[in-house]
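The entries follow in the order of looking.

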Amino acid sequence: MGNGAQRLAALLSAVLVFALSSAAQAECHADQVELRGPWGQARFNVEVVDTPRSRATGLMHRESLPMSAGMLFVYEAEAPVAFWMRNTLISLDMIFVDRRGVVRQVHHKAVPRDETMIPSGQPVLAVLEINGGLAKALGIVAGSEMRFDGFDQSEAAWPCK
């Protein structure tokens, strides 16, 4: 196994251990999201950005992102959105989520500093950015569900308890 594969395997193990150790916990928190699907479950500590200014800055100029962390972009209402990687130094996966918390699209390994627009493809309420390659390694795909305290729980596909 090459260096890159070993690093990814170790990081993936760390995320899965983190997810499994908290799987029994059903509460939602304002600074965490959980995802589930036929692939299993994962949990990320998130920095929520929900203002135009914070969303415009996002993860720009950051040199790293912990494997168990992400940034959650939350909008006031569902709408088509688009992202770019200007001034973003790390590769990211972008997970586009509707108002029910259902993953609609996953964009894998967005290229650092690339100014090509990455559209949501359809209206979404939130976008989770995590380390590039992690969504594929975990198996996160369209149709997966996200649980988050900030979603309207009466409409949530996977509500908080």
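I counted rings of Phe, Tyr and Trp (its six-membered ring) as a pair if their centres lie within 6.5 Å; planes under 30 degrees apart are stacked, over 60 edge-to-face, and the rest tilted. By this rule I found three aromatic pairs.

The model is predicted, so I noted that local features need pLDDT of at least 70 and side-chain atom pairs pLDDT 80 or more, while totals for chains, interfaces and linings use all residues. Residues are numbered from 1 along each chain as its sequence is written, and side-chain values use heavy atoms, without hydrogens and water.

I looked up Phe73 and Phe83: their centres are 4.9 Å apart with 85 degrees between the planes, an edge-to-face pair. Phe73 is in strand S3 (residues 69-79) and Phe83 in strand S4 (residues 82-83), so the pair ties together parts ten residues apart in sequence. Strands are DSSP runs of E, at least two residues, numbered from the N terminus. Phe73 is buried at 2% relative accessibility, and Phe83 is buried at 7%; buried means under 20% relative accessible area (1.4 Å probe, protein chains only).

I also looked up Phe148 and Phe151, which are edge-to-face because the centres are 5.3 Å apart and the planes at 75 degrees. Ring pairs link Phe73, Phe83 and Phe96 into a cluster.

Last, I turned to Asp93, in strand S5 (residues 92-97). The side chain of Asp93 reaches the backbone nitrogen of Gly133 at 3.0 Å.

Terms used. Helices (H or I, at least four residues) and strands (E, at least two) are DSSP runs, numbered from the N terminus. A polar contact is a pair of N or O atoms within 3.5 Å; within protein, one must be able to donate a hydrogen and the other to accept it, and residues adjacent in sequence count only if both atoms are side-chain atoms. Buried means under 20% relative accessible area, exposed over 50%, partly exposed in between (1.4 Å probe, protein chains only).
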